[in-house]
Amino acid sequence: MSYTLDDESALELKIRNRRRVMFIQICMFLLIVIVEGGINYMLYATRSQGYGPETIREKLIRYWGITTAVNAGAIILGIVFQKIASSRPKFEFLENYALMFPIIVICTNVAYSHYQFAGTFGVFVLAITITTIFEDVYLTFISTIFCVGGLLSAVIARACDVVYKTDAIPEGIISLCFIIIFGFVAGDIIKNTKKKKIMLEDALDLAEHASKAKSDFLANMSHEIRTPMNSIVGMCELILREPDITPSITDYCFNIQSSGRNLLAIINDILDFSKIESGMMEIIESEFNIGSVLNDVINMAVTRKGNKKLEIIVLVDPEIPVGLIGDEMRIKQIMVNLMTNSIKYTPEGAVTLRITQSRQSYGINLNVSVEDTGIGIHKEDLEKLFTSFQQVDTKKNRAVEGTGLGLAICKRLVTKMGGFINVRSEYGKGSTFSFTLPIKVSNNDPFIVVKDSDNIRAVGYIGLKNRYTDNITNMYKELIGSIKKDLHINTRFFMDFEDIRDVLDRDIDNITHIFLGKDEYLEHKDYFNSLVDRAQVVIIQELANPIELLPQMKCIYKPFYALSLASIFNNDNKALNLSERRGANITFSAPTARVLLVDDNEINLKVAVGLMRPYNMQVITVNNAKSAINMLRSKDFDLVLMDHMMPEMDGVEATQFIRGMEGEYYRNLPIIALTANALNGAREMFLQNGFNDFLAKPIEIGSMDRILRAWLPKEKLCKPVELVRNNGKRKSDINSSMFAVNNLFNVETGLTYTGGDMNAYQDILQMYVKKAPDKIKHIGDLFEAKDWKDYVIEVHALKSSSLSIGARELSEFAKKLELAGKGNDYDTIIKENADLLKLYGDVADAGKAYLIEQEVWEEPEVKAEGSAELKPEILKEGLMEMVDKAIEACANYDVDEIESVVNAASEYSYDGRNLTEMFEKVKAAADDFEYEQAKELLEKIKNEVE
Amino acid sequence: MSKITVTCDCTSDLSEEQMLENNLGVVYCHIITDSGRFCDPIEISARNVLAYMDAGGIPVTESPIEEDFITLFKDRLKEYDEVIHISLSKDISDSYDHAMLAAKHLGMENRIHVVDSKTLSSATGLIALKAVELVKEGKSSKEVVDYLNEFRNHVSCSFVMRNLRYLYKNNRVSAKAMKMCQKLSLHPVLEMRDGKFNLRSIMFGNYEKAQIKYLNREMKNAEKIDKKAIFITHAGCTVKELEKAHDIVASSGNFENIFITEASATVSCNCGPNTVGVLYVYHD
């Protein structure tokens, strides 16, 4: 950390220095001129020096005048240096010589005149040099003592000398004078050094306090701002995932999310800049895929472009390795910044993003450039481009929003990552921003591969000629050329309809893919429609105002580039359109994994649960650290996501506590910090306090996917469920054998809830079928008893359990009656209950039939009627104790404890009934994780007993 | 007639447009920092390397290796019959030797001709441009090479530097010389003579004035300078400094082309920021 004195203190110090020097110079002048000159005269003018007879005038000149003139001249020169240095900043360096030069001249002069003084001069220069260079007070004192000691002995020696003893007193006086001068100088320097040291210590303290205050402010602001942003952005994400929302709601929601992200981006810029300036920016390296970065950058660019008449062209080297190691977030941030700038400053034309690589021994150099046909930058402005808070050409660009921090942050980030950033520009024509980063590689396979490229014959018709400027046309030609070359596919692009028609008419049987621009397709719609069954027709169009396509057609939203074409060729359905691009971040599912989510904020919990839903994990939520600890005591989890800042016991304390609990399990349990405080040092702090990793809020899907994938047990990861939209409805798209059993339940649908795991699905179906008779009876009993409260609870449970096996119709029916019950519409329930129970029975029968067919059906244990023996009677107190224990276990979501109580209860009876019967339903509810329901049943038992 | 192509090192400091216009092939040097190895000028520019040095970094320059030359020559020989490569002075770089080794490795010494420019920066560029001109005139490779071997003695390459700090960092001068320059505000004017650095003169005092003095001195005998093209090559100079330099040169003679180019990172990391040089062909 560097610090400087504030301007005022620095100026004060300078003025004091100058005054000090002037004072010394004046003293020296008086001493030298009067004392030294006088003594010189006394000593030598009174004796014969071998110059022959001299007049007093001659003596004065020789022994006083010359020496004094030289000495005075030196002092005057010092004063002149001082004056020049203070009046002209350019000559400030002369101040250093203001004192030194005269001293050297005078001392040399005096040393020449008084050989004795040579010793004085020598030793005191030593003391002053030590003081000046080392600024060590003690060293100076010690050297000064030695100097004085040496001098005294020299004077005494002179006094004892037979020949020169008369010189002893005058020499002694001179030496004393110079001891005083040099002592004064040395003392002054020491005093000054001490003062400077104190001032610097004070400044350092102040700087440290300021830095700490700034860090605290950053941490608080980061948390306070990011927490609500997490809700806004996260909730929008959840809405966008709903299957049945209309396009207009999708649009509105996307806009809210987009604006939220923009606001977050601005806040992040300011916080980032502050971090960088404080030296607190951290680069966190992890494995990433350039395709995912590209995906996000392009999404942003398309959104940012809006309705501008602007082409976004992407040229990317498909051979870039699929596994790179770097700070994905920061690299994306730089690319997004550059793209945003280019789009902002390009009213129309094109923005071209190029990504290439050069292979190195350590991995690759990733070269990214963003070229635009925008307004360009003046040469003079290029020099200040990467300076903070400066937008260039501000008058002209007044309408362009921005904090002016983007490029400054980019430069610092690139430098921090060991890379370099550059800009070239021509005013009025456009600019090219480029940066290079050295990146390590974890997987050398190319990130874009076209499978079966030898069998692909593609043609394309995109009317570049009359639509774009030459510049843009050339860029598109370059793009098409590079795609052909880099993907190694046989492809031809045409700019005239007649040319492509010729080829298609002649050779359609050998063509596998036809790529058409939207306008080109619409101009000759009938003709191209006639080809849909003979080759894959792909329409390339803008995301805004897309046209309706035939079902056999596919669509690529612009910008089309190597990855989007490869997806078509590979039938990946990836990266086709904006909404599907978002879903591309889910890379697995984990139906048997159990995750504990701890956060005191209800909305955050909802957001996180929603975001994790595609992974089909068992997610249990608690809203405080103590409950989390209790939960961990009672149940095994595969992963814990722990919020950092919580009241009473925060995430750090909780984690430390967990790590201290007995057992290897608690030491090895992966605990991930969920934090809105994503500052420098945060990661290290979390790791030091027992966390395994951290996930910043707002939660980015990609980051969450990476964290879950990294920390869940590998054996629990299954392939992901791919969800594609089909006329606004989601449907799963899994490549395994599917069939529907009548219309009662659909295995395909049920498998979506187990991530495609057939074994897990069959287990769930088995349990469902076995419980069905008891459940049907129980619902019937509740209906008869008109116990609507419990009835609603049961049909609510039936709704979700039916959906989990794919019995959608039954689930919808149960939902209907649940809503009727909640709305006190008992007539509907009375009318339709019988049908519900019949359907329930039919579904269970069909499920059993399916399981038998699959040869996985296990017959349940049959209890002979009336054969149950009455167990020993338990006292009322004992029973109450059991019930209370079970209620507490429900509050702690401890299904194991509940099971233990039920097992204990099964050994007893009360009031002529075995407790097994009373607690059976409690156990069943707990098995379904319906803790509230179980608790209510227990409360009921308690009331009955009391 | 044999089809001849001309190639040069990236340190010839010609602009991208000049390279394209003259169909010049180029082989790249690299700059090695503590974080990576970067291709000059594609991945690293003069300003980048100067900023890196100012931040305390010590870059290492790496001349093109034999494999780089092999790739370049092979690529060129697909379309052309012969290659004439103009290299940086062999007394200050390994580039010439590596080019020769590459030619030997390919067994094409009769088709690949390497010319030691005995100079650097845009002076090498001037020689490369002359080679292109001669090839266009239909001269044979031997004629071109022979001409260039004589021509290179008439190319002036000199520049004024603020101090010797960057040359010292690259072990080209001693610490003593560097410190003396700094303490006494001396600004050396270096020139390339017989392939080596030589101290032509020293400027005192204010550096902006020293630059102007240097330029005026260079332009004193403007009538002897070939008017076709003159280069003002710089490292990290401001727009104002370059405009001033351009004005001085333009006012000294009726030059057809005054090219202002930025030196490559490789050259810049030796001379330091605010270095400016005037490079031209002169007649006796």
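Let's start with the sheet in chain B. In this predicted model, six strands form an open sheet, in the order β10-β9-β8-β13-β11-β12, and the pairing is mixed. At the edges sit β10 (196-204) and β12 (258-262) of chain B, each pairing on one side only. From one strand to the next, the twist averages 20°.

Look inside that sheet. Strand β8 (residues 155-160) of chain B runs antiparallel to β9 (residues 186-193) of chain B, over 3 bridges. Take S158(B): its bridge partner in β9(B) is E191(B).

Now the cores. The largest nonpolar core has 77 residues, and L294(A) and M335(A) have the most contacts inside it. Helix α8 (residues 290-305) of chain A gives the largest share, 8 residues. What does M335(A) touch, beyond its neighbours within four places in sequence? Its contacts are V293(A), L294(A), V297(A), L353(A), I355(A), V368(A) and F435(A). There is a second, separate core of 58 residues, with M19(B), L88(B), L148(B) and M178(B) among them.

Last, charges. Over all chains, the count is 35 salt bridges. In one of them, K816(A) meets E832(A) at 2.9 Å, N to O. K816(A) lies in helix α27 (residues 808-822) of chain A and E832(A) in helix α28 (residues 826-853) of chain A, so the pair ties together parts 16 residues apart in sequence. Buried or exposed? K816(A) is partly exposed, at 42% relative accessible area. E832(A) counts as buried, at 14%.

One network to finish. Salt bridges with shared partners join K305(A), E311(A), E542(A) and K558(A). Within it, E542(A) and K558(A) have their closest N and O atoms 3.7 Å apart.

Definitions and conventions
Residues numbered from 1 in each chain as written. Chains lettered and ligands numbered in written order. Predicted model: local features only at pLDDT ≥ 70, side-chain atom pairs only at ≥ 80, totals over all residues. Heavy atoms only, no water. Core = buried A, V, L, I, M, F, W, Y, C linked by side-chain atoms within 4.5 Å. Buried < 20%, exposed > 50% of the residue type's maximum accessible area, 1.4 Å probe, protein only. Helix = DSSP H or I, 4+ residues; strand = E, 2+ residues; numbered from the N terminus. Contact = heavy atoms within 4.5 Å. Pairing = 2+ DSSP bridges. Axes fitted to C-alpha atoms, helices over the stretch in contact; angles between N-to-C directions. Salt bridge = Lys/Arg side-chain N within 4 Å of Asp/Glu carboxyl O.
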